[in-house]
Amino acid sequence: MEKNINEYMEILRFKTNINCASCVSNVTPVLTELLAESGWKVDTAAPDKILTVYTETISADTIIAALQKVGYTAVLL
């Protein structure tokens, strides 16, 4: 029986100020460096601009610090 991908990974969610397509473009290189392209997504339509990260090894602090370096904030939910 094949396991669901979520059984292997931790799902982290952050409230962010990533609020538009341009912002997503700005954070894409940083997040892609840390995670696989499919390892994260941002819901810019949500009021809290939720960043969802799927990871096995990257900590929330590492993600927050990486986003801060490019001018964005993230608070772990």
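User: What makes β1 and β3 a pair, and in which sense do they run?

Analyst: In this predicted model, β1 and β3 are joined over 6 bridges in the antiparallel sense. Pairing requires at least two bridges between the strands, so with 6 bridges β1 and β3 count as paired.

User: Why are β2 and β4 called edge strands?

Analyst: The open sheet has 4 strands in the order β2-β3-β1-β4, with antiparallel pairing. β2 and β4 (74-76) each have a single partner strand, so one side of each lacks a neighbour in the sheet. From one strand to the next, the twist averages 25 degrees.

User: How do α1 and α2 lie relative to the strands?

Analyst: α1 lies across β2 and β3, at about 160 degrees to β2. α2 lies across β1, β3 and β4, at about 35 degrees to β1. Angles run from 0 to 180 degrees between N-to-C directions.

User: Why is the set that includes Phe14 and Trp40 called a nonpolar core?

Analyst: A nonpolar core is a set of buried residues of listed types, Phe and Trp among them, joined through side-chain atoms within 4.5 Å. The largest such core has 18 residues, and those with the most contacts inside it are Phe14, Trp40, Leu51, Val53, Ile63 and Leu67. Two or more residues come from each of β1 (10-16), α1 (21-34), β2 (40-43), β3 (50-55) and α2 (60-69). α2 gives the most, with 4 residues.

User: Which residues does Trp40 touch, leaving out those up to four places away in sequence?

Analyst: Trp40 touches Val24, Val27, Thr28, Leu31, Thr32, Leu35, Leu51, Thr52, Val53 and Tyr54.

Technical notes:
Residues are numbered from 1 along each chain as its sequence is written. This is a predicted model: local features need pLDDT of at least 70, side-chain atom pairs count only at pLDDT 80 or more; totals for chains, interfaces and linings use all residues. Side-chain values use heavy atoms; hydrogens and water are left out. Buried means under 20% relative accessible area, exposed over 50%, partly exposed in between (1.4 Å probe, protein chains only). Contact means heavy atoms within 4.5 Å.
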